[in-house]
Amino acid sequence: MPLHFSQKLAILADAAKYDASCASSGGQKRDSLRTGKGVGSVTGAGICHSFTPDGRCVSLLKILLTNYCMYDCAFCVNRVSSNVPRTRFTPAEAAQLTVDFYRRNYIEGLFLSSGIIRSPDATMEQLIETARLLREEHAFHGYIHLKTIADADPALISRAGELADRLSVNIELPQEASLKTLAPEKRMSTIRRSMATIRGEIDGHAQDKSARKKRFATGQSTQMIVGADSADDTAILRTSAALYGGYSLRRVYYSAFSPIPDASAALPLRAPPLQREHRLYQADWLLRNYGFDVEELAQATDGGMLDLDLDPKTSWALKNRALFPVDINRAPREMLLRVPGLGVRVADRVIAARRHGALRLDDVSRLASSLRRILPFITAPDWSPGATLDSERLKQKLRPAPRQLDLFPCA
Amino acid sequence: MIALERPDDPEAFFEHAAALLAEGIAPEHVSWSGGESADLFAAATRAPRAKWRGEKLFAAALLHRAENRFSLVYRALWRAARAKGWLGNPADPDLCALRKLEGEVRRDSHKMRALVRFREIRDAEGERFIAWYEPSHFTLRANADFFAHRFANMRWSIVTPDLSAHYDGEVRFAPGGSRRDVPAEDARDEDWRTYYAAIFNPARLNLAAMQSHLPKKFWRNLPEARVIPTLARAAQNRAEAMIAAPPTAPRFSRASAPQTEAAATDLADLRAQLACCEKCPLHREATQVVCGAGPLNAQLMIVAEQPGDHEDLAGSPLIGPAGKIFDEALRRTGCDREKIYVTNAVKHFKFTLKGKRRIHAKPGAGEIDACSSWLHREIEIVRPKVIVAMGATALRGLTGQILAVRESRGKMFDLAEDRRLLTTTHPAYLLRLQDEQEKRLAWRAFLSDLAQAHAMAQA
């Protein structure tokens with residue numbers, strides 16, 4: 001019996017939900033009013049249009065064009081040996097659905113991926129056709145994120161970049177050896193090569209100052225599954241750092257390996273390591289925005305694993321107590337950014353405020369949302385942490401009261 | 001007492017404030033109201049104004065529902081006019097209070113852009129999209145433009161309790177309305193709920209996180225919120241069932257294909273084999289193997305050290321900064337790069353990470369030696385008359401020995417089969433030299449070495 005439209009939608013969304021990426025930010029600004037036709041806009045800032053009961057943001061219509069797949073990646077719900085029901089959307093169906101959802105303001109745009117059917121090139125062509133229909137037939141100016149099939153022809157990757165705001169190739173696993181056992185058809189070198197191609201295209205378009213400059217995707221990202229193989233946090237972060245360095249990725253998404261319907265015998269089944277995923281996101285954030293070197297983060301781990309009870313910056317500070325306390329009125333920006341509980345925005349406000357006179361604790365408390373984690377690591381005219389900083393019990397004290405974690409990164 | 005006609009009109013407020021400031025009226029002598037007691041004092045003076053510093057912050061804070069927003073902003077303007085640089089101190093309590101208001105208004109705007117849900121209706125002129133929304137602050141007017149730019153080819157209305165906005169090619173504002181003005185359901189809502197339910201992963205249930213982003217007060221106007229309780233209730237059972245279900249065996253054998261190292265008869269063969277090389281650890285981090293490039297019958301083969309950042313990304317040898325120097329040297333010596341074969345002693349990029357940058361690292365002896373068999377097979381296939389070793393790594397790869405470039409530079413050696421080897425410096429060395437005099441000498445030597453090799457190859 002042929003599947004009803006909504007059954008197909010349910011299958012193709014279910015098949016896409018293990019991809020953690022949800023960002024709709026950083027696209028090239030444009031809108032339908034200025035263009036004079038069609039619908040849609042990209043402002044540069046992402047919007048989360050809803051949140052599901054797992055606390056994750058719904059920003060884009062995230063679906064697979066088809067969940068048929070020739071590959072047999074053990075961690076994937078869509079692998080060829082899985083017994084899940086299969087279906088497909090035509091590019092026209094997917095494009096129409098995107099526009100219909102967009103016009104009701106449910107979404108920012110489309111995140112389209114696909115199982116590998118017939119060949120990587122044939123699959124990529126279907127994804128491109130969907131994006132082309134949206135841009136050309138529907139005059140759709142909203143956000144489009146296309147998953148890039150790693151083995152596809154570079155010319156197709158380039159074409160995808162002309163239509164999309166973001167491209168991504170999933171690295172899947174942090175180590176080549178894991179890929180060999182868990183995703184036998186995939187190869188790290190092919191994945192990296194696709195990332196290099198995308199980077200080359202993005203850089204080339206960004207440097208193009210000519211008037212006839214074509215629009216092109218402004219960034220690429222990737223996803224790594226955490227907890228399906230034996231790689232520790234240090235190995236994962238080193239892989240991320242190399243990816244940021246080599247291919248100018250906007251983001252590496254971490255996805256705690258989660259039980260899936262009809263799981264593979266090749267993998268252990270257990271609850272997803274959500275807290276570990278959360279700590280990796282925090283460490284990744286330090287890598288990208290706080291001037292931390294990956295080896296400094298490695299050094300903040302215990303035997304390669306980040307502390308699950310403490311955020312990585314606090315862990316690092318506790319292992320480098322000799323560098324603290326820092327004088328809130330004199331410390332340079334790089335050092336303020338190393339203080340647990342002091343974020344980029346607060347550090348910049350501290351720097352601006354202290355030009356108007358020495359900051360006392362009272363002033364700091366107005367600038368920061370909470371003093372609890374900051375206090376042991378700073379001095380002010382009316383504050384010194386004294387012996388607390390050297391206390392054995394400081395780690396216990398800084399441990400947060402148990403609560404459900406939050407902060408799933410999005411938009 | 002200044003009574004503003006509308007609660008959401010920062011411009012009117014600014015003009016009144018300009019007039020008051022011009023008259024030197026202190027904040028403690030002014031009281032404000034916005035829209036509540038309209039036209040009682042409507043004759044209060046307004047003055048044209050210059051642009052304020054911090055205007056964005058003030059304009060946003062003025063859209064807050066807090067009654068003291070006007071007096072707070074006026075006091076800030078008053079203080080800013082009297083103490084130069086006062087606005088630049090983020091620790092000032094008044095500014096902290098304003099920032100708080102501004103933050104809440106910003107979030108309220110953001111939520112409106114995210115959570116407005118249009119329903120399609122038909123009126124006399126055709127299809128129209130209409131939404132009921134309840135903002136916490138006076139944010140509709142300031143955000144109407146966003147919707148106009150986004151939904152330019154739609155006719156739409158957003159109705160809130162205080163104000164409604166209608167768009168038919170242009171935005172028009174009208175008094176507020178009620179929930180009953182808007183249909184409760186849209187034809188696509190059911191598909192949206194289907195999507196929402198399917199994209200949720202029950203193994204990750206976390207209602208606290210969800211509610212911190214999407215507090216319950218929003219739920220009643222969201223079509224998808226209706227299914228949240230059901231999804232949450234069923235989540236644990238679904239997750240446990242997935243874990244308990246018997247796993248499926250993988251379909252294919254997971255043994256990776258054996259790596260054959262049959263003799264390569266041509267470059268294509270060699271490339272294919274090289275692509276799978278795991279003789280040393282460098283393949284783990286590099287993007288790709290960078291093979292040599294050039295014609296099969298080249299008389300001259302150039303061996304450089306190893307691919308760098310550019311070469312690694314593009315997959316071609318000697319194209320980065322050192323490659324530019326090399327090309328310039330070729331041009332000066334009248335040598336055509338199309339006719340020579342250019343390769344590296346080590347075929348994978350080696351680097352260390354510094355922050356986000358990949359910094360070139362010298363290959364170790366083990367890596368050079370592991371790669372030298374590939375180099376020798378390239379030589380067997382291309383059969384050049386002359387080989388130029390650029391730098392110590394190339395020299396080691398070709399001879400298997402540690403030789404100082406300084407001592408062997410510019411000299412010809414005989415290799416097997418009548419092949420000649422000439423050693424020169426690596427072009428990257430020229431880039432690194434600081435002393436101008438030294439640099440000139442090294443450049444001249446490099447040119448003469450290349451010229452010598454070129455002449456020899458053509459002889």
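I count two residues as in contact if their C-beta atoms, placed from the backbone, lie within 7 Å.

**Entry 1: conventions**

The model is predicted, and I took local features at pLDDT of at least 70 and side-chain atom pairs at pLDDT 80 or more, while totals for chains, interfaces and linings use all residues. Residues are numbered from 1 along each chain as its sequence is written, and chains are lettered from A and ligands numbered from 1 in the order in which they are written.

For helices (H or I, at least four residues) and strands (E, at least two) I used the DSSP runs, numbered from the N terminus. A residue is called buried if 20 or more other C-beta atoms lie within 10 Å of its own, exposed if 12 or fewer, and partly exposed in between, with C-beta atoms placed from the backbone.

**Entry 2: B:Leu433**

I looked up B:Leu433 and found it in the loop between helix H15 (427-432) and helix H16 (436-458) of chain B. Leaving out residues up to four places away in sequence, B:Leu433 touches B:Glu438, B:Lys439 and B:Ala442. B:Leu433 is partly exposed, because 15 other C-beta atoms lie within 10 Å.

**Entry 3: chain B overall**

I noted 16 helices and 14 strands in chain B. The domain bounds come from an automatic or database domain assignment. For chain B this gives domain 1 (2-112), domain 2 (116-181), domain 3 (193-235) and domain 4 (267-458). The centres of domain 2 of chain B and domain 4 of chain B, taken over C-alpha atoms, are 66 Å apart.

The radius of gyration, taken over C-alpha atoms, is 37 Å for chain B, whereas a compact globule of 459 residues would have one near 23 Å (globule rule: 2.2 Å times the number of residues to the power 0.38). The C-alpha trace of chain B spans about 105 × 70 × 45 Å along its principal axes. Buried residues make up 38% of the 459 in chain B. Of the contacts in chain B with a separation of 6 or more, 70% are between residues 24 or more positions apart.

**Entry 4: sheet E9-E8-E12-E14-E13 of chain B**

I treat two strands as paired if DSSP finds at least two bridges between them. Five strands of chain B form an open sheet with mixed pairing, in the order E9-E8-E12-E14-E13. Strand E9 (341-344) and strand E13 (412-414) of chain B are at the edges with a single partner strand each, so one side of each has no neighbour in the sheet. The twist from one strand to the next averages 25°. Axes here are lines fitted to C-alpha atoms, for helices over the stretch in contact, and angles run from 0 to 180 degrees between N-to-C directions.

Strand E12 (residues 386-390) and strand E14 (residues 420-424) of chain B run parallel and are joined by five bridges. B:Met390 has B:Thr424 as its bridge partner in E14(B). Helix H13 (residues 392-399) of chain B packs on this sheet, where it touches strand E8 (300-304), E12 and E14 of chain B, and its direction makes about 135° with that of E12(B).

**Entry 5: sheet E3-E4-E5-E6-E7 of chain B**

I then followed an open sheet of five strands in chain B, with the order E3-E4-E5-E6-E7 and mixed pairing. The edges are strand E3 (119-123) and strand E7 (171-175) of chain B, each with a single partner strand, so one side of each is without a neighbour in the sheet. Strand E5 (residues 156-159) and strand E6 (residues 163-167) of chain B pair in the antiparallel sense over four bridges. B:Ser157 has B:His166 as its bridge partner in E6(B). Helix H5 (residues 140-150) of chain B packs on the sheet and touches E5, E6 and E7 of chain B, its direction making about 20° with that of E6(B).

**Entry 6: chain A and its contact with chain B**

Chain A divides into domain 1 (5-272) and domain 2 (312-398), and their centres, over C-alpha atoms, are 40 Å apart. I found 80 residues of chain A in contact with 72 residues of chain B. Helix H7 (residues 188-207) of chain A gives the largest share of the chain A side, six residues.

**Entry 7: backbone checks in chain A**

The peptide bond from A:Phe324 to A:Pro325 is cis, with omega near 0°. A:Pro325 is in the loop between helix H11 (312-319) and strand E11 (326-327) of chain A. A:Asn105, not a glycine, has a positive phi near 65°, and A:Asn105 is buried, with 22 other C-beta atoms within 10 Å.
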